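This report describes one protein model. The sequence and the structure are shown first, and the description follows.

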Amino acid sequence: MLHIFRRLRAALPAAASAALITAALPAPVPLGIGDPLFPDLGNPGYDVLTYDIGLTYPGRNTAPLSAVTTIDALATAPLQRVNLDFTGGTVRSVDVNGDRAAFATAGEDLVVTPPHHVRRGGRLRITVRHTSDPRGATAGGWVRTKDGLAMANQVDAAHRVFPCNDHPADKAWFTFRVTAPQRLTVVANGLPTARRTQAGLTTWTYRTVHPMATELAQVSIGSSAVPHRAGPHGLPLRDVVPAADRRKLEPWLKKTPGQLSWLESKVGRYPFATYGVLIADTRTGFELETQTLSLFERRLFTEPRFPAWYVESVMVHELAHQWFGDSVSPNRWSDLWLNEGHATWYEALYADEHAGKSLTRRMHDAYRDSDGERAQDGPPAAPKPPEPGHQISIFRPVVYDGSALVLYALRQEIGADAFQQVERSWVRTYRYRSATTADFSALASRIAGRDLSGFFHDWLYGARTPPMPGHPDWHSVRPKAG
């Protein structure tokens, strides 16, 4: 039967062959890589190498964008089907290695059946023609701004914008080709490589120089000004702000070079080819470390209720993520404490050194609250799953100050000099990769010259907060039973 099937398939056109294969396979199902917090996120069997994402913006943010996403990947297992994460758009067609492929949806997966099985080690070029819909984007992805669009893809919302392997364990290089009315400005992650205007439309092309997780993708479309300046050692900086606010926002924008210099003095050279802040006139309730172009709400810089020291510390928080979370990404979402704990640590350290806001006092207060947070949300490296339909609810206090507290305890345990060696070695050793909590524990143990696995187990996974080294007088408020 197998030999007959192979001969028959060879005689059929590609589309008919794909249909025959589809009929012979079980019904498509959503797959995942088994992330403890998001088990259906990501897909097994392949490693994405590059994304080429073409978007055509119709001139208003209440209409779908026409899109073509091309994915180059390497098969890590034999594949009869390829699952992509994608939802919220309409798929028009899918090609695999130049041939038309069958496709179906299952949950939030786009399940593609190539006309020919893919061997392990084989190359995959998947081209999906689809729409990308910004309407009703309450679960993340596109963010509608006053004058256009931006992206907020963390944790699992990139696949609401484009088909992808939507997990930070699979980083890739990106190219964005965005066509919009000539009056608008488009900026995306990475560096600009081309701009072409024809018949009132401009196509902007950007390419990342280093690999990136899907959750860190950023495209800004709007009536924007893009001021440029130089950072440390000539690093090109470019910000994206509402054109009408350029002069008002300039006092904040010019702080970035000094913040970069300060962070480089702590952890080493900035890991990417450019940086900037994207200030969007929208309400998100958060700021976001999209790679090389961090997203901020306009109101953070314009409402007087936010004191200057606080605004600067938030800017440093997102900048620190470029090292911790962007360059070194979490291998699983339960490793999130490595992102947010470090960003919070440097945010607090900057406020201590520049505004007299005591780091020790902040850590004392975090210690006081730690047992209650662990009881409510889980320990830093084993947080409770997100609330149904509210994926960003994993961003709880325990992964911010509760995780920075672990770093404070580590510095107390091994000393300030060894701690700084750990920090520098971490971002150097795992640069442009995804890494785990176990990797961090092992690296710290090597530098400290002793096994710290027990220390990390208690601090990261314990239901109760361990005693703070050097502060026997610190106490955590125990949650009341019942």
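Gln420 is placed in helix H10; helices (H or I, at least four residues) and strands (E, at least two) are DSSP runs, numbered from the N terminus. The model is a predicted one, in which local features need pLDDT of at least 70 and side-chain atom pairs count only at pLDDT 80 or more, while totals for chains, interfaces and linings use all residues. Residues are numbered from 1 along each chain as its sequence is written, and side-chain values use heavy atoms, with hydrogens and water left out.

With a relative accessibility of 33%, Gln420 counts as partly exposed; buried means under 20% relative accessible area, exposed over 50%, and partly exposed in between (1.4 Å probe, protein chains only). Leaving aside residues up to four places away in sequence, Gln420 touches Ser265 and Lys266, where contact means heavy atoms within 4.5 Å. Between Gln420 and Gln291 there are 24 Å in space, C-alpha to C-alpha, and 129 residues in sequence.

## Overall architecture

The protein chain contains twelve helices and 23 strands. Along the principal axes, the C-alpha atoms of the protein chain fill a box of roughly 80 × 55 × 45 Å.

Of the 482 residues, 57% count as buried. Among contacts between residues at least 6 apart in sequence, 69% join residues at least 24 apart. The protein chain exposes about 19500 Å², of which carbon and sulfur atoms supply 52%; accessible areas come from the Shrake-Rupley method with a 1.4 Å probe, and for residues only the protein chains shown count as cover.

The 53 positive and 47 negative charges of the protein chain have mean positions 6 Å apart. In this count Lys and Arg are positive and Asp and Glu negative, whereas His and the chain ends are not counted. Each charge is placed at NZ of Lys, CZ of Arg, CG of Asp or CD of Glu.

## Aromatic pairs

Rings of Phe, Tyr and Trp (its six-membered ring) pair if their centres lie within 6.5 Å; planes under 30 degrees apart count as stacked, over 60 as edge-to-face and the rest as tilted. By this rule there are 26 aromatic pairs. One of them joins Phe296 and Phe301 edge-to-face, at 5.6 Å centre to centre and with 70° between the planes. Phe296 and Phe301 are both buried.

Trp426 and Phe440 are also edge-to-face, because their ring centres are 5.0 Å apart and their planes stand at 85°. Trp426 belongs to helix H10 (residues 416-429) and Phe440 to helix H11 (residues 437-448), so the pair ties together parts that are 14 residues apart in sequence. Trp426 and Phe440 are both buried.

## A buried proline

Pro380 is found in the loop between helix H8 (359-377) and helix H9 (401-414). With 1% relative accessibility, Pro380 counts as buried. Not counting residues up to four places away in sequence, the residues that Pro380 touches include Ser334, Trp337, Arg374, Val406 and Trp459. His457 is 77 residues from Pro380 in sequence, and the C-alpha atoms of the two are 10 Å apart in space.

## Loop residues and backbone geometry

| Residue | Relative accessibility |
|---|---|
| His117 | 38% |
| Asn97 | 42% |
| Tyr432 | 26% |

His117 sits in the loop between strand S7 (109-113) and strand S8 (123-132). His117 and Lys171 are separated by 54 residues in sequence and by 24 Å in space, C-alpha to C-alpha.

Asn97 occupies the loop between strand S4 (91-96) and strand S5 (99-100), and its phi is near 50°, a positive value in a residue other than glycine. Tyr432, in the loop between H10 and strand S23 (433-435), likewise has a positive phi, near 65°.

Gln154 and Val155 are joined by a cis peptide bond with omega of about 5°. Val155 is in the loop between strand S10 (149-152) and strand S11 (173-181).
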